[in-house]
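Please work through the exercises below with the sequence and the model open beside you. Each task is followed by a solution that goes step by step.

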Amino acid sequence: MKKNKALVAPFVLWAVLFIVVPLVMVVWYGVTVEQTPAYTEIADDNGQIVFRLEDGTVTPERPQKTTVVSLENFKRMLEPTYLKLLLRSLKIALITTVICLLLGYPVALILSGRDFKRPGLWLMLIILPMWMNFLLRTYSWMSILENTGILNSWIASLREAIPAFDSWLTSMGVGKKIIFLYNENAVILGMVYNYLSFMIMPIYTVIEKTDHSLLDAAADLGASPVQSFLRVTLPYSLPGVLEGITMVFVPAVTTFVISQLMGGGKVPLIGDIIQNQFGKSSDWHFGSTLSLLVMVVVLAFMGGLQRIDKEEEPRKEVRIL
Amino acid sequence: MKKLRKAYIALIMAFLYAPIVLLILYSFNDSKSRANWGGFTLRWYKELFSDAAIMSALGTTLSIGVLAAVISTILGTVGAIALYQMKRAPRKVLLSVVNLPMLNSEVVTGVSLMLLYAMANIQLGYLTLLLSHVAFCVPYVVLSVMPKLRQLDPNLAEAAQDLGATPMQGFFKVILPDLMPGVFSGFIMALTMSIDDFVVSFFTTGSGVSNLSITIYTMAKRGISPKINALSTLIFACVFVLLVGLNLRDFRKDGRSQNKLNEVKIPY
Amino acid sequence: MKKTAMLLLSLALVLCPLFALAQETISVYNWGDYIEPEVLTLFEQETGIKVIYETFETNEDMYAKIAMGGSSYDVIIPSDYMIQRMIQENLLQKINWENIPNVANIDPRFMNESYDPNSEYSVPYTWGTMGILYNTEMVDEAPTSWNTLMDPTYTMDMLMLNSPRDTLAIALVMTGHDLNSTDPADLEDAKNLLIEQKPMVLAYVVDEVKDKMIAGEAAVALVWSGDATFCMSESDELDYVIPEEGSNIFFDSICIPANARNVSGAEKFIDFLCRGDIAAMNYEYVGYAIPNTAAIDIIGADEYNASPVNNPPQEVLDKCQVFNYLGDETKLYDQIWTEIISEF
């Protein structure tokens with residue numbers, strides 16, 4: 001295609017400006033800190049307030065903060081407090097990913113089954129919730145699981161109606177209201193709920209494209225359905241699985257809203273801490289350092305995944321049939 | 001076995017839809033309580049429409065969505081073509097760069113853009129919001145168009161020119177139509193990502209400009225009114241109609257038709 | 001014909017902004033949902049000055065915008081510690097009180113506070129405290145002390161604030177220290193107290209506290225008085241108290257940034273806000289306690305003082321402290337807070 005190279009330059013410019021430069025800024029903020037020189041306020045001979053610096057010089061102007069290059073935020077980041085947080089975030093993200101995989105893979109498998117009628121309809125139903133605002137969906141789970149929420153009020157009515165049920169629950173040590181929220185499990189539930197569809201779609205795409213004649217051939221050669229699955233479907237679905245894992249794991253590591261709402265502030269994740277730095281804690285530098293840490297971890301994870309999947313073709317095509 | 005499969009799918013569906021059904025149900029609840037039913041009412045819908053903040057946020061979300069989708073589709077298509085023509089080595093580099101916003105967590109993307117605007121001394125507002133949305137949408141468009149480019153018959157453009165077309169005519173009349181499914185799906189992708197975005201918008205907007213997600217987040221700070229349920233019900237209805245429309249042609253049949261719509265990629 | 005029409009149209013378009021410029025404007029930056037809209041309309045009617053009104057959600061957001069220098073406002077309404085910071089960083093200008101006669105309406109108890117010792121840069125707009133909001137149906141007796149928050153009776157029935165500064169401040173008070181302390185030993189005590197409390201806490205929330213208390217999700221909660229007022233208006237079961245050991249008192253005050261463009265307009269606006277009838281009207285909408293004695297007279301002292309939020313006993317008020325700007329020490333609080341909530 002004899003296209004003019006004129007297209008290349010503007011695009012590269014845009015990419016540099018909006019992708020590279022911002023990241024460079026994050027790096028810059030990450031390796032710098034703002035410091036105010038230590039000083040004390042004293043009154044001079046005229047009764048005016050002046051400022052004495054550490055080295056003894058006295059100045060009428062209050063010393064302002066300066067930006068200096070420093071790796072102290074990196075040191076701070078590696079302290080147990082924050083590392084533990086990162087590990088916990090990774091753990092929860094991994095659990096979420098695994099659960100999504102275990103729940104989602106069968107869905108993709110079933111939907112792409114040859115004798116499954118109208119997969120398009122069901123696929124659409126699976127995608128639909130994703131188009132609804134994720135905040136709203138998270139809030140709706142809260143309405144269900146709160147102490148004063150729907151589930152608890154149903155259980156309460158049931159207990160009133162069926163004394164036997166009530167006494168059984170009490171004997172098991174269950175109090176008046178069951179606390180479903182404000183713990184790690186609630187956060188995982190919230191994440192699985194929000195990201196499940198992201199796992200199902202790529203896997204479905206890939207399985208659906210698998211040449212069914214391969215499965216026929218395997219059956220002809222005497223393979224049982226299980227064997228066909230393990231030897232044909234599973235390996236072929238791997239690119240989709242890897243993509244699904246990526247699409248769940250990456251947001252799961254850095255989410256902050258789900259953990260605040262479902263976890264009640266008791267399950268802080270690295271995303272929450274980063275967000276705090278750009279908010280109340282007002283320490284953009286530390287926030288940037290933490291962001292870099294997260295970025296490195298995620299890229300390392302992706303790099304690891306890439307080794308498993310050598311395919312370059314991106315799997316973003318889904319047929320709506 | 002078949003029953004088991006259907007049951008499993010039903011279970012997953014129940015899981016996905018339980019909260020949504022409840023949201024819809026309680027949007028008609030004549031009581032602020034989230035657990036008790038107080039009677040049927042449409043007042044939350046009335047309140048919703050008279051809530052200027054929500055309506056304005058809705059407007060912003062839609063306008064940003066469409067604008068960002070259009071701009072990033074154009075930019076992304078240009079980018080895909082540019083990438084296609086590069087030599088292998090620089091292409092790999094540029095492709096990785098373009099991929100970065102997708103791989104990076106949204107927090108990092110949002111924060112990095114915020115720092116960019118701070119350094120350039122640009123006030124946070126509609127413009128920065130738009131620029132940021134374009135920034136994270138373009139990669140999706142590029143990745144939608146690239147495969148289509150690879151499928152192109154390289155001789156088409158030359159053939160067109162041999163027959164007397166100028167390069168521009170050749171592009172618009174021959175090449176672009178072939179790229180269309182990729183371009184279209186990129187557009188839909190961009191639209192979806194933009195409309196539902198929370199994190200990047202959170203960090204890059206200001207001056208009172210806010211999209212739906214941010215408005216919901218701040219509204220919830222003052223107490224979750226059933227107005228929000230009404231809002232979600234409406235969004236659900238719209239999206240439902242939209243997706244049904246997109247699929248209408250196909251799913252009346254058995255499901256594996258060879259329709260052109262097959263090639264439309266659904267965003268996820 | 002077409003050409004003439006186009007010419008006229010373009011002329012009109014060019015002239016329109018000029019008309020807009022002709023009208024005097026001021027740019028106001030305030031908390032979200034923090035002013036009665038009617039106040040702005042009345043101001044515009046009385047003075048002919050148009051108000052360009054913007055809102056922010058946190059002091060830090062506001063600070064970031066002002067410090068970056070990109071935006072210029074004429075009137076801003078930050079909180080105490082942020083005002084202290086902005087004074088230190090030369091971001092505010094001194095107010096010429098001669099142009100603001102209505103400052104006489106402000107209760108002298110609330111002037112010359114530690115963040116602006118000679119009241120040179122700010123005039124208070126609202127004030128509030130931190131205290132315990134409790135559900136009268138769910139507690140055995142009304143709380144009077146911070147120790148209620150350590151009472152095992154309320155295990156998994158109490159809500160704390162997900163805010164490093166505020167919650168640590170209360171912990172410092174509970175361990176007998178100054179709530180502005182940056183002494184690591186003091187903070188260690190506070191930290192240990194909060195860690196001890198943690199298993200009893202249902203959740204650490206910020207704004208969700210209102211929703212949850214109104215619904216009856218918990219029996220007691222650490223809250224800001226403004227939120228308490230809202231909750232009490234929505235539920236008869238709720239009541240508020242400032243514990244006897246003392247607490248934090250905060251102010252949101254009106255200032256003029258150093259780079260304000262319309263200082264005289266700003267002064268007129270501030271004077272307007274300090275007017276008794278205007279402040280009273282504002283109070284009805286915003287709900288936070290106001291420092292304006294003339295307004296309180298208009299509202300009616302009995303009605304105003306009926307709320308525990310507005311009229312705490314003077315002895316308790318005396319034990320309440322304003323937050324200082326901690327400067328570089330802020331990260332100390334942040335780190336300790338992270339350690340507390342990460343404990344698992």
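**Exercise 1. Chain A as a whole**

What percentage of the 321 residues of chain A count as buried?

Solution. The model is predicted, and in it local features need pLDDT of at least 70, side-chain atom pairs count only at pLDDT 80 or more, and totals for chains, interfaces and linings use all residues. Residues are numbered from 1 along each chain as its sequence is written, while chains are lettered from A and ligands numbered from 1 in the order in which they are written.

Begin with the term: a residue is buried if 20 or more other C-beta atoms, placed from the backbone, lie within 10 Å of its own, exposed if 12 or fewer, and partly exposed in between. By this count 45% of the 321 residues of chain A are buried.

Next, take the secondary structure, where helices (H or I, at least four residues) and strands (E, at least two) are DSSP runs numbered from the N terminus; chain A has 13 helices and 5 strands. The radius of gyration of chain A, taken over C-alpha atoms, is 28 Å, well over the 20 Å that the globule rule (2.2 Å times the number of residues to the power 0.38) gives for 321 residues, so chain A is more spread out than a compact globule. Along the principal axes, the C-alpha atoms of chain A fill a box of roughly 100 × 80 × 30 Å.

Last, consider confidence: pLDDT, the predictor's confidence in each residue, runs from 0 to 100, and chain A averages 82, with 94% of the residues scoring at least 70. Over residues 311-321 of chain A, however, the pLDDT is below 50, although this stretch has 37 contacts in the model beyond near neighbours in sequence. Where pLDDT is low, the predicted coordinates should not be read in detail.

**Exercise 2. Chain B against chain A**

How many residues does the contact take from chain B and from chain A?

Solution. Two residues are in contact if their C-beta atoms, placed from the backbone, lie within 7 Å. On that basis the contact takes 76 residues from chain B and 79 residues from chain A. Several helices of chain B each supply at least two residues of the side that touches chain A, among them H1 (2-26), H4 (88-103) and H8 (167-196).

To class the residues, count Ala, Val, Leu, Ile, Met, Phe, Trp, Tyr, Cys and Pro as nonpolar, Asp, Glu, Lys and Arg as charged, and the others, Gly among them, as polar. The side of chain B that touches chain A then has 54 nonpolar, 14 polar and 8 charged residues.

Now look at one helix in detail. H4(B) has 16 residues and reaches 22 Å from its first C-alpha to its last, close to the 22 Å expected at 1.5 Å a residue, where the expected span is 1.5 Å times one less than the number of residues. Its buried residues are B:Leu94, B:Val98 and B:Pro101, and what covers the buried residues of H4(B) includes helix H1 (8-30) of chain A together with H3, H5 and H6 of chain B.

**Exercise 3. Chain C and its two domains**

Into which domains is chain C divided?

Solution. The bounds come from an automatic or database domain assignment, which divides chain C into domain 1 (23-127 + 250-317) and domain 2 (128-249 + 323-342). The centres of the two domains, taken over C-alpha atoms, are separated by 27 Å, and the contact takes 16 residues from domain 1 of chain C and 18 residues from domain 2 of chain C.

For the chain as a whole, the count is 14 helices and 9 strands, and 46% of the 344 residues of chain C are buried.

**Exercise 4. Chain C against chain A, and confidence**

Which element gives the most to the side of chain C that touches chain A?

Solution. First, 25 residues of chain C are in contact with 23 residues of chain A. Of that side of chain C, H14(C) gives the most, with 8 residues, and by class the side has 8 nonpolar, 10 polar and 7 charged residues.

Then check confidence: chain C has a mean pLDDT of 88, and within chain C the confidence is lowest in helix H1 (residues 2-22), at a mean of 65, and highest in strand S3 (residues 75-76), at 95. For the complex, the predictor gives an ipTM of 0.78 and a pTM of 0.82.
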